[in-house]
Amino acid sequence: MLKKFDKKDEESGGGSNPFQHLEKSAVLQEARVFNETPINPRKCAHILTKILYLINQGEHLGTTEATEAFFAMTKLFQSNDPTLRRMCYLTIKEMSCIAEDVIIVTSSLTKDMTGKEDSYRGPAVRALCQITDSTMLQAIERYMKQAIVDKVPSVSSSALVSSLHLLKCSFDVVKRWVNEAQEAASSDNIMVQYHALGLLYHVRKNDRLAVSKMISKFTRHGLKSPFAYCMMIRVASRQLEEEDGSRDSPLFDFIESCLRNKHEMVVYEAASAIVNLPGCSAKELAPAVSVLQLFCSSPKAALRYAAVRTLNKVAMKHPSAVTACNLDLENLVTDSNRSIATLAITTLLKTGSEGSIDRLMKQISSFMSEISDEFKVVVVQAISALCQKYPRKHAVLMSFLFSMLREEGGFEYKRAIVDCIISIIEENSESKETGLSHLCEFIEDCEFTVLATRILHLLGQEGPKTNNPSKYIRFIYNRVVLEHEEVRAGAVSALAKFGAQNEEMLPSILVLLKRRTLCSGHRCVMDDDNEVRDRATFYLSVLEQKQKALNAGYILNGLTVSIPGLERALQQYTLEPSEKPFDLKSVPLATTPMAEQRTESTPITAAKQPEKVAATRQEIFQEQLAAVPEFQGLGPLFKSSPEPVALTESETEYVIRCTKHTFPEHMVFQFDCTNTLNDQTLENVTVQMEPTEAYEVLCYVPARSLPYNQPGTCYTLVALPKEDPTAVGCTFSCMMKFTVKDCDPTTGETDDEGYEDEYVLEDLEVTIADHIQKVMKLNFEAAWDEVGDEFEKEETFTLSTIKTLEEAVGNIVKFLGMHPCERSDRVPDNKNTHTLLLAGVFRGGHDILVRSRLLLLDTVTMQVTARSSEELPVDIVLASVG
Amino acid sequence: MQRPEAWPRPHPGEGAAAAPAGGPAPPARGREPAGLRLQEPSLYTIKAVFILDNDGHRLLAKYYDDTFPSMKEQMAFEKNVFNKTSRTDSEIAFFGGMTIVYKSSIDLFLYVVGSSYENELMLMSVLTCLFESLNHVLRKNVEKRWLLENMDGAFLVLDEIVDGGFFSLPRNKLNGRY
């Protein structure tokens, strides 16, 4: 039934587009033809096509013009031409959200839907449901029910699909059609069955039991439709996941049985469901992996792609499970579909041996330019994982990364590369120089501010420690001259770091910085950005003092306080003018920066998240505590313990968890209590504490009432020991005291009479870690010199129970609760000596630094050197280690 | 590499007005980070279908969710996809966090777009179905000129195959009068 349009189009354009020069107004003008009688079906259908084409090309129809055309179109229902009629349905659907009063066609559509012409009925149902709202739905409900069970599959499917759309706005009406849907679900037609199961699931999805029944019913009898199988596999795996479940459930058996289905689509869906189940063991994965392996040699590209993509996912968690497929994957490396080839290579990089790396890297670099950025990121991530696994391959991998860095690419891609290079540099000192010089080259022509500033920061940190620091200056100073403000500011800071650490270069650095500051002399290039100028001025005056301590404190190691905390404290200070200068020590410290603990594949944004949460956590505590009158005058909150300690087993009558808050001379224990007995209400709850050391309990702040399952909080305030300030470690025995009132579990009514009771809790430990806040010193040596040796003490210990250096390092870090600096928490392999560098701030705001030299013979011998700006912290650290 | 794109979205026909009173509360929407866990089983399979000519111009396009809400974004997406796919002879690609299956026929490019979580083979069967139906309607001449001359047929075919993002398949393609 091919039709020829106007001869004119044919002649003028040849193969060109007859719709190319359509004018909206002209087409709408043409629509007046609709009103003519008799109707010319072919002409009218063509005009409708033109309107649809215009909408399709993004032409915007105003409400009035759309409504006008829509009303004209309704006349066309008088014609019985099938094509024209079906174009009308399409126009109705298309215009249902542009034109007004579209419901006037309801009766025409209802007539078609129940009429004799089968090819009208399906589309009529769909058009009708598109224009119907929930109030009108009741009127056509009867027809819908009939349509769902109609013996013509296209009608039944149309009704089911429309019902699914309607669920969103008329759930309550549609759910009454379950019986009909149930009947349709046993249909022999594959699409009807699929749509019916879809509808049944969406009506019942909030009722887990009903879903389970549905799965077992339909899986027992088997399904006709592969699409329905896929749907059921998804439902089953979701159900399994919510059960957090054991793998011997019938649901898992069902999914596994689908691995033997005759349709590839179902087999793949089942395999991918198994792979995606959380916590799947290698044994459970095996059958899924072997069907995926078969798919790898399929002639269909989509199937190969699906298989290798899923295998790639498996390889992230269980590389050994995929090793069996290595041969098949090797064959895909040369696949003409680059997506498949890339996935195959990155999977092989995860599962293959060290020997195959060179070959794979060569292979992949041959088509790197042809694949999309997303896949490039996948490649970079695979390389990053490799670097950790095979440190000896750094050279090959680095050169590959740099060639990628030079090519075109989006931000995400470039960031992944830079992250990866930085982590290599940090981990491997041999590759540092080459890495830095490549990065220098990269920032010469880098359009991404974030990356440029990051690299400048890294240069400032690592550059001065290299053999030939002066070669980096040119690169950095070029940034100062050529870039915009943010990068300039970063570059100025980096320059200052070179000046602070290298005396030979200091004079030239001073000259460079001076050019950025206020006019001095005849060669002035005063920077026009405030931030850059301020930074330069600041660094200049610090550097000119030529004092190591100042350099360390203000250039190399920056602020350790929490920035939001500082902002609030400063605001507070300006609100209450006082004679005293602002004390930086009163500002809460930043909880340990997360930047250094970046894991290889997490993007930076994800790693930043926890930092923010942690920072606000302490602020929340501070506000809560400040609201308690008993805790007025304790001073600023110094530290809150990161994880609450459970003082009860989790399944007991009462669940108590304790958070420790440290103040300059006091500690507050916060007990979060939950009463899990529904026939009791507790009142006046306190936790009595008995210290073993010289701590003194000052007061208890009770939780007034603790009804069933509503958490409450009580506090205990203690004073730190004054006579022997070094005795900070202490064990408290705890006992909860309260008044019990019985209550009715159903009504919640409480008896007036109560009785006293008590409940023994587990002991609570306070250790030195509660008195020290972690801080990161980027440059430990500078910080060490800054603090000076006035209060330095040194002692040697033997750790008789510890057999390896890693264990010793782990224990010391955990015990002191300080931050390991310059990656000294990593012990290189095959060494028997190691130096651990720790930094922290002691309660009251004094820096405390510990250098611990470890020697492994049969047992570990440890020499601890501690420095601080006060004597007390040093004594406490040494006393507690001993 | 995957965008959390797992949740079905209302297709444009129903617009934002679908705020159900007593409707089905989308279960656990806020509870779980999509992407880490499995997606909600849904029949919303298809994000978009489009047919481009060999210059990458749109001849026919339907979008079924609001991944690309404006015409400008849609066009940009189509252009990108075209640039990535038109020169290679493969049938599947991963782009912008979505799986795209495609097929070329003389001077036409047919594309079906689904989320990265979607069964690739199901998208393939939508594409195959689209191609075969067009082949039937255009009497085995799946090329630009014939498509344009039978645009009404193409609109009808697409409407039958995909209804608001659901794969609904032309059942009666042999007796069908497109």
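Of the 178 residues of chain B, 61% count as buried. Buried means under 20% relative accessible area, exposed over 50%, and partly exposed in between, with a 1.4 Å probe and protein chains only. The model is predicted, so local features need pLDDT of at least 70, side-chain atom pairs count only at pLDDT 80 or more, and totals for chains, interfaces and linings use all residues. Residues are numbered from 1 along each chain as its sequence is written, chains are lettered from A and ligands numbered from 1 in the order in which they are written, and side-chain values use heavy atoms, leaving out hydrogens and water.

Stay with chain B. Chain B holds 4 helices and 7 strands. Helices (H or I, at least four residues) and strands (E, at least two) are DSSP runs, numbered from the N terminus. Along the sequence, their order is β-β-α-β-β-β-α-α-α-β-β. Now take contacts, meaning heavy atoms within 4.5 Å. Among those in chain B between residues at least 6 apart in sequence, 57% join residues at least 24 apart.

Move to chain A and its helices. Which residues of helix α32 (residues 548–556) are buried? They are A:Asn551, A:Ala552, A:Gly553, A:Ile555 and A:Leu556. Their cover includes α29 (485–501), α31 (530–545) and α35 (780–787) of chain A.

Next comes a helix pair. Two packed helices are described by the angle between their axes and the distance between the axes. In chain A, the axes of α7 (residues 118–131) and α9 (residues 153–166) come within 8 Å and cross at roughly 5°. Axes are lines fitted to C-alpha atoms, for helices over the stretch in contact, and angles run from 0 to 180 degrees between N-to-C directions. α7(A) and α9(A) are therefore roughly parallel to each other. Angles under 35 degrees count as roughly parallel, over 145 as roughly antiparallel, 65 to 115 as roughly perpendicular and the rest as oblique. On the α7(A) side, the residues in contact include A:Asp118, A:Arg121 and A:Val125. Among those they meet in α9(A) are A:Ser154, A:Val155 and A:Leu166.

Finally, look at strand β8 (residues 712–719) of chain A. Of its 8 residues, 7 are buried. Strand β4 (residues 666–675) of chain A pairs with β8(A) in the antiparallel sense over 8 bridges. Two strands pair if DSSP finds at least two bridges between them. Here A:Cys673 stands opposite A:Gly712. Strand β6 (residues 696–701) of chain A also runs antiparallel to β8(A), joined by 5 bridges. There, A:Glu696 has A:Ala719 as its bridge partner.
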